[in-house]
There are 2 protein chains.
Amino acid sequence: MELKSWLASADAPHSGFPLQNLPYGVFASGSEDHIGVAIGDQILDLRACARSGIFDGLPQAIVRACEAPVLNPLMALGTTSWSTLRRRLTSLLDAQAGREIQRRVETHLVSMSGAVMRLPAAIGDYTDFYASIDHATRVGEQFRPTNPLLPNYKYVPIGYHGRASSIVVSGGTIRRPHGQIKPPEDPPVFAPTQSLDYELEVGLFVGPGNPLGQPIPIAAAEDHIFGLCLVNDWSARDIQSWEYQPLGPFLGKSFSTTLSPWVVPLEALAPYRVPEFARPAVDPAPLPYLQSPAPDRAAIDLTLEVYLESNRMRQAHVAPHLLGRSNLRHLYWSLAQMVTHHSSNGCNLRPGDLLATGTVSCPDPGSEGCLLELRRNPEPVRLPTGEQRRFLEDGDRVTLRAYCQQAGSPRIGFGECSGTIAGPA
Amino acid sequence: MELKSWLASADAPHSGFPLQNLPYGVFASGSEDHIGVAIGDQILDLRACARSGIFDGLPQAIVRACEAPVLNPLMALGTTSWSTLRRRLTSLLDAQAGREIQRRVETHLVSMSGAVMRLPAAIGDYTDFYASIDHATRVGEQFRPTNPLLPNYKYVPIGYHGRASSIVVSGGTIRRPHGQIKPPEDPPVFAPTQSLDYELEVGLFVGPGNPLGQPIPIAAAEDHIFGLCLVNDWSARDIQSWEYQPLGPFLGKSFSTTLSPWVVPLEALAPYRVPEFARPAVDPAPLPYLQSPAPDRAAIDLTLEVYLESNRMRQAHVAPHLLGRSNLRHLYWSLAQMVTHHSSNGCNLRPGDLLATGTVSCPDPGSEGCLLELRRNPEPVRLPTGEQRRFLEDGDRVTLRAYCQQAGSPRIGFGECSGTIAGPA
């Protein structure tokens with residue numbers, strides 16, 4: 001029998017937050033921040049639940065973690081605790097729950113439309129990978145036309161450390177950064193970027209960490225993944241291309257990174273697991289430490305979309321324009337491979353650390369996860385208003401969305417990851 | 001009249017911690033961590049001072065910051081508060097202080113030799129620069145023989161994000177990391193690094209931060225620097241050289257970074273300020289946003305040393321062997337330029353963030369800050385035991401030291417930054 005909530009909005013078509021999802025987030029409640037779970041158009045306030053006795057019988061560590069102002073303590077508890085809490089939340093919100101339970105739970109629901117969301121966790125370290133071979137190839141063509149895909153790509157899950165301090169939650173403005181820009185024939189100038197871009201990415205939050213010096217074997221990697229969110233790794237391409245040699249991207253990225261507020265538990269994505277990326281026969285097999293113990297379900301069938309809305313579109317009430325539709329299943333390197341590779345030198349991951357995939361693109365046109373890839377096309381992007389885009393303009397609002405969908409099941413949504421470009425300071 | 005402490009050990013030759021220094025650190029006190037100040041061979045327990053009333057009359061924010069288990073709250077207060085606290089500490093420890101003050105202060109002294117030191121701050125983000133042109137040139141020769149110094153170097157203070165989680169305090173062991181290593185003619189293998197190296201660096205701790213989107217102008221940059229410490233940016237050169245294209249160093253660095261426990265206030269270094277690096281006439285001037293308002297004192301005359309002690313040397317009681325002696329004054333980019341460049345795109349720095357210089361080398365032989373640079377020499381490093389080194393062996397203990405010294409003044413020391421290589425897990 002299909003799981004259904006007593007909350008009608010949870011079953012609205014395309015709600016994205018049915019009983020099968022139950023993503024975690026943090027929202028402002030007066031002067032405090034509370035953990036909540038999204039259900040339909042509501043947020044269930046977990047701190048209120050914890051304090052009201054609705055969680056009685058759950059282990060104390062879980063109840064205490066639900067009272068925290070960030071998800072880090074819950075992330076640290078691990079899969080058994082996550083499953084225990086998820087079962088309790090499911091039973092509380094299930095249509096089979098009694099009238100009395102429903103009445104008690106209802107008092108702890110908060111309307112999502114009026115809620116102010118926070119970052120889900122205190123992010124200690126943020127790492128960005130480069131796991132889409134289609135993205136790596138197309139971007140490589142722009143920076144190194146003769147040498148797009150470097151020889152290490154098919155062996156190493158390439159990644160780099162990102163900036164944690166400038167990660168912000170969906171919904172704000174992104175100020176166009178200044179930086180050094182190098183005209184082809186002249187010395188560099190310090191000016192606002194003229195090639196501001198988005199990157200459509202998925203992030204994973206680390207659950208339990210590993211001690212320094214103790215790598216995480218690939219068979220255990222998914223036990224260290226709490227859940228997934230959307231990441232927009234805003235990029236200033238002109239700053240990036242001048243600065244990135246030899247130590248990698250720095251100020252071209254660190255001015256801001258936007259996260260969606262909801263973290264979808266890995267458990268909610270179990271029905272959408274698919275086989276790992278099928279490497280062409282000419283490609284090398286991953287080195288043994290990166291070989292998945294369950295290649296049949298190493299990837300996730302998660303549709304990703306990016307939309308643009310310009311100032312003029314907003315004024316004319318034109319719906320946001322789809323710029324790209326991609327899918328996480330096309331990643332060359334899986335989430336588990338990222339976790340294991342990251343810790344393979346003994347580097348310690350901590351609860352609440354964020355690992356992002358890098359831009360997720362697919363082989364086919366229309367799947368590009370950033371504007372830089374679209375520059376291959378002879379024509380710029382054309383918006384419904386007739387406006388053209390090579391890069392983002394002030395006033396542009398970029399929104400990432402994602403969902404898992406199967407015939408006969410409700411959609412598992414990720415909510416929105418959006419930001420609006422503001423002019424330079 | 002020369003400042004002198006009533007504590008005799010503060011004036012011992014080469015104590016490094018005279019009354020003119022007063023560096024801050026964090027030490028374990030029972031089950032708690034306390035802030036302390038190094039003086040001679042003792043640590044003054046600032047939490048104990050704060051609670052005893054010795055700080056009466058100081059602003060409450062300063063007293064509270066002294067009770068914290070990390071330096072972040074004190075770092076956040078800014079230069080006026082730092083100076084106020086420093087004046088009080090100086091007067092308490094001054095030979096001119098009365099017998100009664102001395103008696104009260106003495107009860108809060110802890111022997112340095114028995115103290116367990118902690119990291120000085122909770123480090124939100126760690127950034128590593130590449131500010132020594134001599135290092136950049138010599139390393140560039142190894143990775144890009146035809147193209148050692150890239151065209152951006154003399155315009156951009158090159159830096160990259162490092163890993164904060166694996167920063168450890170001086171004194172522990174560093175486990176030799178595994179990683180992908182690429183033999184010239186064969187596919188990569190996953191194995192313990194065979195080219196483990198140290199990097200002799202200086203780190204600065206950020207004081208007050210800047211809000212996201214609000215760059216720090218160069219004239220204000222030093223107000224955001226709390227103080228300096230030593231940094232050993234351990235590096236696995238074989239892992240690094242295979243992975244670093246195109247996104248920069250990652251696992252070749254992130255297995256561990258070691259910090260010295262004492263943070264020397266910028267104020268203590270004021271007598272050792274010297275003119276900024278004299279760029280050759282053919283070099284471009286820094287872009288205006290990077291031009292120092294006080295070029296006559298933009299650099300610091302700080303001597304840096306790195307020593308190696310092998311297992312055999314330790315057993316034979318042979319003194320550690322000097323591998324390199326360098327000086328911070330040779331940096332191509334100043335500390336203020338690093339702060340301003342880092343925030344120039346609006347990136348927010350936070351109190352307790354760590355910015356490191358990158359390896360500090362000078363033009364002359366004998367000043368190399370890492371073993372990779374010494375590979376230019378036809379002969380490997382020869383230790384007093386007759387042992388040879390191209391890279392670090394298990395059991396090797398690397399110690400960084402630093403000091404400012406002027407005729408007639410006591411030496412301003414930085415303490416030790418050390419780590420001992422342990423075999424792979």
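Student: Where is H317(B) found in chain B?

Tutor: In this predicted model, H317(B) is found in the loop that lies between α8 (311–315) and β21 of chain B. The phi angle of H317(B) is near 55°, which is a positive value in a residue other than glycine.

Student: Why is H317(B) called exposed?

Tutor: The word exposed applies to a relative accessible area over 50%, and H317(B) has a relative accessible area of 74%, so H317(B) is called exposed. In chain A, H317(A) lies in the loop between α8 (311–315) and β21 (321–327), its phi is near 55°, and with a relative accessible area of 74% H317(A) is exposed too.

Student: What makes C347(A) buried?

Tutor: A residue counts as buried when its relative accessible area is under 20%, and C347(A), at 0%, therefore counts as buried. The value for C417(B) is 1%, so C417(B) is buried by that limit as well.

Student: How do you know how many disulfides there are over all chains?

Tutor: A search of the whole structure finds zero disulfides. A disulfide needs two cysteine sulfur atoms within 2.5 Å, and the sulfur of C347(A) is 18 Å from the closest cysteine sulfur, in C417(B), so this pair is too far for a bond. The sulfur of C417(B) has its closest cysteine sulfur in C229(B), at 7.6 Å, and this is again too far for a bond.

Student: Why is strand β20 of chain B said to be largely enclosed?

Tutor: Seven of the seven residues of β20 (residues 303–309) of chain B are buried, so the strand is largely enclosed by the rest of the structure. The residues T303(B), E305(B), Y307(B) and E309(B) point one way from β20(B), while L304(B), V306(B) and L308(B) point the other way, and all of them are buried. In a regular strand the side chains alternate between the two faces of the sheet.

Student: What makes β21 and β25 of chain B partners of β20(B)?

Tutor: Two strands pair when at least two bridges are found between them, and six bridges join β20(B) to β21 (residues 321–327) of chain B, so these strands count as a pair, and they run antiparallel. Between β20(B) and β25 (residues 397–404) of chain B there are seven bridges, so that count also meets the limit, and these two strands run antiparallel. For E305(B), the bridge partner in β21(B) is R325(B), and for L304(B), the bridge partner in β25(B) is A402(B).

Student: Why do β4 and β5 of chain B stand at the edges of their sheet?

Tutor: Five strands of chain B form an open sheet in the order β4-β3-β2-β1-β5, with antiparallel pairing. In that sheet β4 (109–111) and β5 (117–118) each have a single partner strand, so one side of each is left without a neighbour in the sheet. Strand β3 (residues 42–45) of chain B pairs with β4(B) over three bridges in the antiparallel sense, and I43(B) stands opposite V110(B) in β4(B).

Student: How do you know how the two copies are related?

Tutor: Chain A can be laid on chain B by a turn of 180° and a shift of 0.0 Å along the axis, with an RMSD of 0.0 Å. The two copies are thus related as by a two-fold rotation axis. The same surface serves both copies, since 100% of the contact residues of chain A recur in chain B. Of the residues of chain A, G248(A) comes closest to the rotation axis, at 2.0 Å (C-alpha).

Student: Which residues have the most contacts inside the largest nonpolar core?

Tutor: Inside this core of 151 residues, the residues with the most contacts are L228(A) and L228(B). When neighbours within four places in sequence are left aside, L228(B) is in contact with residues including V202(B), L204(B), W262(B), L328(B) and F414(B). In soluble globular proteins, nonpolar side chains tend to be buried together.

Student: What is omega for the cis peptide bond that joins Q245(A) and P246(A)?

Tutor: For the cis peptide bond between Q245(A) and P246(A), omega is about 5°, and P246(A) has its place in the loop between α7 (237–243) and β16 (257–259) of chain A. In chain B, the peptide bond from Q245(B) to P246(B) is cis with omega near 5°.

Key:
Residues are numbered from 1 along each chain as its sequence is written. Chains are lettered from A and ligands numbered from 1 in the order in which they are written. This is a predicted model: local features need pLDDT of at least 70, side-chain atom pairs count only at pLDDT 80 or more; totals for chains, interfaces and linings use all residues. Side-chain values use heavy atoms; hydrogens and water are left out. A nonpolar core is a set of buried Ala, Val, Leu, Ile, Met, Phe, Trp, Tyr and Cys residues joined through side-chain atoms within 4.5 Å. Buried means under 20% relative accessible area, exposed over 50%, partly exposed in between (1.4 Å probe, protein chains only). Contact means heavy atoms within 4.5 Å. Helices (H or I, at least four residues) and strands (E, at least two) are DSSP runs, numbered from the N terminus. Copies are superposed by least squares on the C-alpha atoms of residues with pLDDT of at least 70 in both.
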